[in-house]
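Q: I have a model open and would like to talk through a few of its features. Can we start with how the helices pack?

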Amino acid sequence: MLRVKCMPEIHRVGDNNISVYLRPHKSGECYYARYKIANKRVANNQRYVTESLKTTSLSIAKDRARQRYAEITLLERQGVSIKSGTVSSEIDAFYSEYENGVSQKLSGYSRNMLVSFRKTLLRYWKEYFGRKSLNDVSREHMHGYEEWRQSYWKDKKKKKTAHPKTKVTVSRRTIDWEIGCFKQFLRWAKIHGKYVGNALEFRFDVGELQTRSAFTTKQWDALTGYMRRKTWLQVGKHGNDKRLIRSRKMLHAYAIFMVNTGLRVGEARNLCWQDLQFKNAAKSEDRKLFVAVAASQSKVRKRRTVVGTEGAYRIMKDYYDERKENKDFCALTDKIWCKENGSVIQHFREGFTNLLIAAGIRHDNEGKELTIYSLRHTFITTRLIAGVNPYQLAENCGTSIPMIEQYYAHARSDQFANELTKGYRK
């Protein structure tokens, strides 16, 4: 038996730019509208756009179609996308464009930010929004992100799908950073005419900024003393595991180098021996180490020369001599912090954390965990206490004066106190 497919009855609305008709839907039948587009650029180069009117009433369908066409006409004039994709698909488009900009070394594109987008946008924000349309994103969704993010690890642990590097608790500072990454994506979407919502108006309250965790003098002395113990250096069943001994000697040199230069982890990662310049002097306390930080490795994308203290000079000179004696990747172009095969060590985070635990100095005086980043914070704190000019310190550390003032205001030098009490008489 031959079945004849009946064409739906089409109702023309307006100047034949809108067609309204019934068609099957998962919950029955409802009216749809097809709109004729004048500016195809805002509709992915489509001449027509079809949308559900979500009603079975013809009169209501016509009213909704007229109202929607008025919105479409306005969006066409403004050059704004009529139908945005999902949050997930648009994040993929943004990340792909940014990755391409980094590979071509275009200005305004940072490899460090690319890593941040991969950690935040691709890992958390895509999952938070799911298949939601980008133009449906609002301030209310941004308000709900903190609660969702704080319970992320707990929910994932139940399903055994948690990312291995996901922390149990997340600081407000981290959430602020993740929201900032998403808002940068939204700004990109708005410029490309893909987003017209109000989520960019959202402001996250970080709360009172906390001082950065740093080692006290007592803690640092305890740590360096522990690293010099034979029980820590001589490892293995017979105390001669060359691989572990090499690794621990490198960690020892790395920790002292970092606490005497204030470098960021990413800035130190790809250093070569040729990036170090040893400045000799008659007095040992006047010896300095100059470290050339490439713009591609700097967080602020600027090349700079970092001045390290005499402690940095001494540890790196001794460490280089030992590497040279062992013929262990000591050429000028060899990486300083490398594995036995010469490849770069991405970070010492786990090894340094285990070292802190073994030395019994896991937390600072306020109970916050000390981390490998505490080495940089210790350098900045001790230099401020010693009376170093904050402007010069900010230049050396590749940061800003406001950042120094926000996080290190507790580090007051004797010189600062003397200036405040100058001219005072009882």
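Q: At what angle do helix 2 and helix 3 pack, and how far apart are their axes?
A: This is a predicted model, and in it helix 2 (residues 87-103) packs on helix 3 (residues 111-129) at an angle of about 170°, the two axes lying 10 Å apart. Angles over 145 degrees count as roughly antiparallel, and helix 2 and helix 3 are therefore roughly antiparallel to each other.

Q: Which residues meet there?
A: From helix 2 the contact includes Ile91, Phe94, Tyr95 and Tyr98, and on the side of helix 3 the residues include Leu114, Phe117, Leu121 and Trp125. The residues of this contact between helix 2 and helix 3 divide into 13 nonpolar, one polar and five charged.

Q: Switching to the largest nonpolar core, which residues touch the most other members?
A: That core has 42 residues, and those touching the most other members are Leu223, Phe257, Met316, Trp337 and Phe352. Helix 9 supplies the largest share of this core, with nine residues.

Q: And what does Phe352 touch, leaving out residues up to four places away in sequence?
A: With those left out, Phe352 touches Phe215, Leu223, Leu251, Ala255, Thr371, Ile372 and Leu375. There is also a second, separate core of 34 residues, which includes Tyr95, Val137, Met142 and Ala199.

Q: Last one, is Lys190 buried or exposed?
A: Lys190, which sits in helix 6 (residues 172-191), counts as exposed because its relative accessibility is 52%, and exposed means over 50%. Not counting residues up to four places away in sequence, Lys190 touches Tyr195 and Leu200.

Key:
Residues are numbered from 1 along each chain as its sequence is written. This is a predicted model: local features need pLDDT of at least 70, side-chain atom pairs count only at pLDDT 80 or more; totals for chains, interfaces and linings use all residues. Side-chain values use heavy atoms; hydrogens and water are left out. Helices (H or I, at least four residues) and strands (E, at least two) are DSSP runs, numbered from the N terminus. Buried means under 20% relative accessible area, exposed over 50%, partly exposed in between (1.4 Å probe, protein chains only). Contact means heavy atoms within 4.5 Å. Axes are lines fitted to C-alpha atoms, for helices over the stretch in contact, and angles run from 0 to 180 degrees between N-to-C directions. Angles under 35 degrees count as roughly parallel, over 145 as roughly antiparallel, 65 to 115 as roughly perpendicular and the rest as oblique. Ala, Val, Leu, Ile, Met, Phe, Trp, Tyr, Cys and Pro count as nonpolar, Asp, Glu, Lys and Arg as charged, and the others, Gly among them, as polar. A nonpolar core is a set of buried Ala, Val, Leu, Ile, Met, Phe, Trp, Tyr and Cys residues joined through side-chain atoms within 4.5 Å.
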